[in-house]
Amino acid sequence: MQDIYARNLLIITVGLLLLFAFLFAILRSI
Amino acid sequence: MSDLAKAKLWIALFVLVILAPVLALFWGPHPEGREFWRELSAAYGFAGLALIGIQFIPTARLPFLAQLFPMDTLYAFHHKISIAGFTLALAHPLLLFAGNPYTLRLLNLATAPWRARAAVIAVILFILIIITSVWRKDLRIRYENWRAVHDLFSIAAAGLVLYHMFMVNHYMAHPFQRVYWSTSAVVWALAVIYIRVVRPIQLLQRPYRVVSVQAERGEAWTLSLEPDGHPGCHFMAGQFAWLVARTSPFSFRDNPFSFSSSAENKNRIEFTIKELGDFTATVKELQAGERVYVDGCYGTFDIDQHDAPGYVMIAGGIGSVPILSILRTMRDRKDNRPVIFFYGNPDWEQVTFRKDLDSLTSQMDLKVVHVLEQPPDNWRGETGFITAEILDKHLGVDRANWHYFICGPIPMISAVEKALLQLDIPLVKIHTENYEMA
């Protein structure tokens, strides 16, 4: 059970990081 | 505040701490904007180090975290997040090189500035850390040597990356980033000091003495210990501790083992340890009166935190140790709630605690379902592995209200977890502990 939660947390955290990094790069380069 | 609320708060704090440096990048005033790939590269660098740096926390055995999260989950999290962090951190130079091949000259250690040299050395260290961790057994690196190298390389790599960031000083010139990364470095250092200095000193002040070492079925040994000059540790049934024997608590040679004794027996603690090589082979050589150290208690694999009308215990091989502790504790407390124990083993001769389980069935409401891979000729019980069919056959109608505790090797835990989900057991009622965590 805990492993499933840990995996979801990892996916969400890394997903948000990728998203924000991408948004930032777009905003800064236009 | 309930433990669940506290756990949620820590998770929220974790997400916030990780996202903070990337979100702060949006926060002006800014240096002049650069091309897309370069900006993306910078953001990945910040994201990567945020994930890597926090890794000093889950493995520091901090009591307030160990109480809320299962230790094997913290370790699993450490393994996965580290790889994710390294991948992001590696994307930082790769994007930089792809966007502007001229920057490849930074790889030339002879001519590159120190800020680039530091980053290149850090990446090499991270690669070595990952290789030696993932393939430690294949590379035949002794556990304690690996631990020493792992610690040293991690600290060096984190230091080098921080040096790199402060020296590049682009987005790092922002006061938030300076405060964030300086504070982070202090927190990482405190976590290392806690686990490597403070905790060993505490252990030295609370030694234990070996009372006896007794052979069990299945090449296992039960080690009985008594506290020496202190009240001892009050563990909860199902928990485990790190054991240090024939060496100093400052060494890297401590190994996690589950308690097998009743939590109601405050004066004596017992561990049952299977002989698997490395440290486990020396357990049988321990002599009565020898001094050992016990770093515990850890783990959330216990019934006290999960009240239920009945329990199902499922173990593979030596995974039965924490379950025996739970059963013995229930017997001593005269807890009459029903328990069904599914116990998988290769063959009948190797069933550790076979006799103990026989006597426990007469002392409490316990039903043991032995499942043997290679049963003897006259065997009438279950055979093969613990499957959904076997579970279904023995579980009662009230099964969805009971709590389930699974302990064993990872493939067995995954298979049983799937089987329980097939039987519509709610996920929140399934608790697992794998004994190959670190």
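**Domains of chain B**

I began with the spacing of two domains in this predicted model, and I found that the C-alpha centres of domain 1 of chain B and domain 2 of chain B lie 35 Å apart. I then noted where the bounds fall: domain 1 covers 3-202, domain 2 covers 207-298 and domain 3 covers 303-434 of chain B.

Next I looked at how domain 1 and domain 2 of chain B touch, and I found 9 residues of domain 1 in contact with 8 residues of domain 2. On the domain 1 side, the elements that give two or more residues are helix 6 (143-168) and helix 7 (175-204) of chain B, and the largest share, 4 residues, comes from helix 6. I sorted this side by class and wrote down 5 nonpolar, no polar and 4 charged residues.

**Helix 6 and helix 7 of chain B**

I found an angle of about 170 degrees between helix 6 and helix 7 of chain B, with their axes 12 Å apart. Because angles over 145 degrees count as roughly antiparallel, I recorded helix 6 of chain B as roughly antiparallel to helix 7 of chain B.

Which residues make this contact? From helix 6 of chain B I listed Ile155(B), Ala158(B), Leu162(B) and Met165(B), and from helix 7 of chain B I listed Trp181(B), Ala185(B), Trp188(B) and Val192(B). By class they divide into 8 nonpolar, no polar and no charged residues.

**The sheet in chain B**

I then followed an open sheet of 6 strands in chain B, which has the order 4-3-6-1-2-5 and antiparallel pairing. Strand 4 (255-258) and strand 5 (269-274) of chain B stand at the edges with a single partner strand each, so one side of each has no neighbour in the sheet. I also noted that neighbouring strands of this sheet are turned by 40 degrees against each other on average, with direction ignored.

Looking at one pair, I found that strand 1 and strand 2 of chain B are joined in the antiparallel sense over 8 bridges, and that the bridge partner of Tyr208(B) in strand 2 of chain B is Pro227(B).

**Glu219(B)**

I stopped at Glu219(B), which is found in the loop between strand 1 (207-216) and strand 2 (220-227) of chain B. Is Glu219(B) buried, exposed or partly exposed? I counted it as partly exposed because it has 16 C-beta neighbours inside 10 Å, and a residue needs 20 or more to be buried and 12 or fewer to be exposed.

Leaving aside neighbours within four places in sequence, I found Glu219(B) in contact with Lys274(B) and Glu275(B). I also compared Glu219(B) with Ile318(B): they are 99 residues apart in sequence, and 9.6 Å apart in space from C-alpha to C-alpha.

Finally I turned to chain A, where I found 1 helix and 0 strands. Its C-alpha atoms fill a box of roughly 45 × 5 × 5 Å along the principal axes, and 23% of the 30 residues of chain A count as buried.

The contact between the chains takes 19 residues from chain A and 30 residues from chain B. On the chain B side, helix 1 (3-24), helix 2 (36-53), helix 4 (71-99) and strand 12 (430-434) each supply at least two residues, and helix 4 of chain B gives the most, with 7 residues. By class, I recorded 22 nonpolar, 4 polar and 4 charged residues on the side of chain B that touches chain A.

Definitions and conventions:
Residues are numbered from 1 along each chain as its sequence is written. Chains are lettered from A and ligands numbered from 1 in the order in which they are written. This is a predicted model: local features need pLDDT of at least 70, side-chain atom pairs count only at pLDDT 80 or more; totals for chains, interfaces and linings use all residues. Domain bounds come from an automatic or database domain assignment. Two residues are in contact if their C-beta atoms, placed from the backbone, lie within 7 Å. Ala, Val, Leu, Ile, Met, Phe, Trp, Tyr, Cys and Pro count as nonpolar, Asp, Glu, Lys and Arg as charged, and the others, Gly among them, as polar. Axes are lines fitted to C-alpha atoms, for helices over the stretch in contact, and angles run from 0 to 180 degrees between N-to-C directions. Angles under 35 degrees count as roughly parallel, over 145 as roughly antiparallel, 65 to 115 as roughly perpendicular and the rest as oblique. Two strands pair if DSSP finds at least two bridges between them.
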